Amino acid sequence: RTVTLALHPAFRIAPVRRRTFGAFVEHLGRCVYGGIHEPGHPAADEDGFRADVLELTRELGVSSVRYPGGNFVSGYRWEDGVGPVEQRPVRHDLAWHSTEPNTVGLDEFLTWAERAGVEPMYAVNLGTRGVAEALEVLEYANAPAGTTLSDARAANGHPEPYGIRMWCLGNEMDGPWQTGHKTAEEYARTATETARAMRQEDPDLELIVCGSSGSQMPTFGAWESTVLTEAYELVDMVSAHAYYAEKDGDSASFLASADDMDHFIDAVVATADHVRAKLKADKRIMVSFDEWNVWYQHRAESRPPSGEDWPVAPVLLQDTYNAMDAVVVGSLLISLLRHSDRVASASLAQLVNVIAPIMTEPGGKAWRQTTFHPFALTSRHARGDVLEVRLDAPSFANERFGESTSADAVATWDEQNGDLTVFVVNRDPDRDLDLAVDLGDFGQLALTEALTLHHADPYTANTAEEPDAVAPQVNESVALQDGRLSGTLPAISWSIVRLH
Ligand code: AHR
């Protein structure tokens, strides 16, 4: 059983976009409180930010971070989170049935983002609020000194405008679970008018309109068409969200999750281009895949508190990831990279503790989940141009998609530095694959490194006690001879092969 990859330096898709490697910080569970921010922790800096989490965020190679939600944002009053901390209101967060202390808000997050070296992406509330409040937060964040709100920012210790470029026009407004949920027509109106007003303040913003919360949504496709028909000229990107999990032991369908992501992106692009044709528009709308990950939504850890219980920063969505989850995350990254011509931005949801690559113990250590590794290695080594890879591979049967190819791959080629990197996954649940790649068209190359993430028991996870149970290992079988790359890819594995 062999997978043959056909690769050529001319098979360029698009340049690698740094924004593909975004993440997400929501006021949810222990992501903010006890995640990025834990005053009193031995590793906390003078502002209460955990230096160990900052360090891991940098190591993860995160480019941009979406904030403050998520479902949370649809009931959020941004002004609650600025000004003297002791005067900030405490409120119920309806989305996660929690109490929001507001001790972290816009200024704290942007200070953290600067320390982490990430670009912020800010979501405005279009659930319980609208145009006026979106303009206010834009003025507070980005206006130069001399207006009431920019002067308030200066009085709060931040005289310089933050210059946030990427703004999400609400969150998952197609979802009936969303506070202030809207029909496509209602949302199209609100988003269009919000975008128009925000552009009057600053025409150069990059605006992201809400697309679908998943390809299974009953309004998928129709939603994008309605919203883009109205908002087309005023927005730059349409969002896409997708979460995957192994359900009822169906690991084969789970391993093939990237087939859904491929279909999702292709369908949104086709819909956007159809609207473009209808409107005789010039520009193309790009995709912002600003929530994606493995998420075991059906498990108890994802159930918010209820009744009289409104805790602050409860343990919520703290999924523990295993080796198979990491392979799926690696294969979703392959799908995102392959679509770099149309996916202009993406955010792994989320960053810390909440369906996250980074976990922390209160007052204790921070560690890397299994999913940390494919993300960090892809972000670090995907450089130059994305190359399409033609695959000749066997397939495996699964319930969700029927048949899926056992392997999937993408490559990046940094012509200037002569670096070729191949990302390849064996997502067959049972069978190893032999890798065969002819690299003759790239000139003289040598193998720099071949790493494979795999575990004999794919359900093995990284935990506080065993943080390195699953980590990429050198794949000794990979060799390069006479321009031909060969090696073995074990069943359920993700690999990176670097050549120079
Ligand atoms: O990331 C967790 C939640 O998933 C977000 O709050 C919401 O936007 C999505 O449904």
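This is a predicted model: local features need pLDDT of at least 70, side-chain atom pairs count only at pLDDT 80 or more; totals for chains, interfaces and linings use all residues.
Q: How many residues does the contact take from domain 1 and from domain 2?
A: Two residues are in contact if their C-beta atoms, placed from the backbone, lie within 7 Å. Here domain 1 puts in 31 residues and domain 2 puts in 35 residues.

Q: Which elements give two or more residues to the side of domain 1 that touches domain 2?
A: Elements are DSSP runs numbered from the N terminus: helices (H or I, at least four residues) and strands (E, at least two). On this side you'll find helix H7 (251-255), helix H8 (257-279), helix H9 (323-338), strand E14 (366-368) and helix H10 (372-381). H9 brings the largest share, nine residues.

Q: At what angle do H8 and H9 pack?
A: Axes are lines fitted to C-alpha atoms, for helices over the stretch in contact, with angles from 0 to 180 degrees between N-to-C directions. H8 and H9 pack at about 25°, their axes 9 Å apart. That makes H8 roughly parallel to H9 (angles under 35 degrees count as roughly parallel, over 145 as roughly antiparallel, 65 to 115 as roughly perpendicular and the rest as oblique). Ser257, Ala258, Met261 and Asp262 of H8 meet Val328, Ser331, Leu332, Ile334 and Ser335 of H9. That contact of H8 with H9 holds five nonpolar, three polar and one charged residue.

Q: Is the crossing of H9 and H10 left-handed or right-handed?
A: A crossing is left-handed if the near helix is turned anticlockwise from the far one by less than a right angle, and right-handed if clockwise. H9 and H10 cross right-handed, with axes that come within 8 Å at roughly 30°. H9 and H10 are therefore roughly parallel. In this pair, Ala326, Val329, Gly330 and Leu333 of H9 meet His373, Pro374, Phe375 and Thr378 of H10.

Q: Which residues surround the ligand?
A: A residue is near a molecule or strand if its C-beta atom, placed from the backbone, lies within 6 Å of it. Around the ligand sit Glu26, Gly69, Gly70, Asn71, Asn171, Glu172, Ser213, Glu291, Ala349 and Gln350. This shell has one nonpolar, six polar and three charged residues.

Q: Which residues does a cis peptide bond join, with omega about 0°?
A: Alanine 349 and glutamine 350, and glutamine 350 lies in the loop between strand E12 (343-349) and strand E13 (358-360). The bond from glycine 69 to glycine 70 is cis too, with omega near 20°. Glycine 70 sits in the loop between strand E4 (64-67) and strand E5 (91-93).

Notes. Residues are numbered from 1 along each chain as its sequence is written. Ala, Val, Leu, Ile, Met, Phe, Trp, Tyr, Cys and Pro count as nonpolar, Asp, Glu, Lys and Arg as charged, and the others, Gly among them, as polar.
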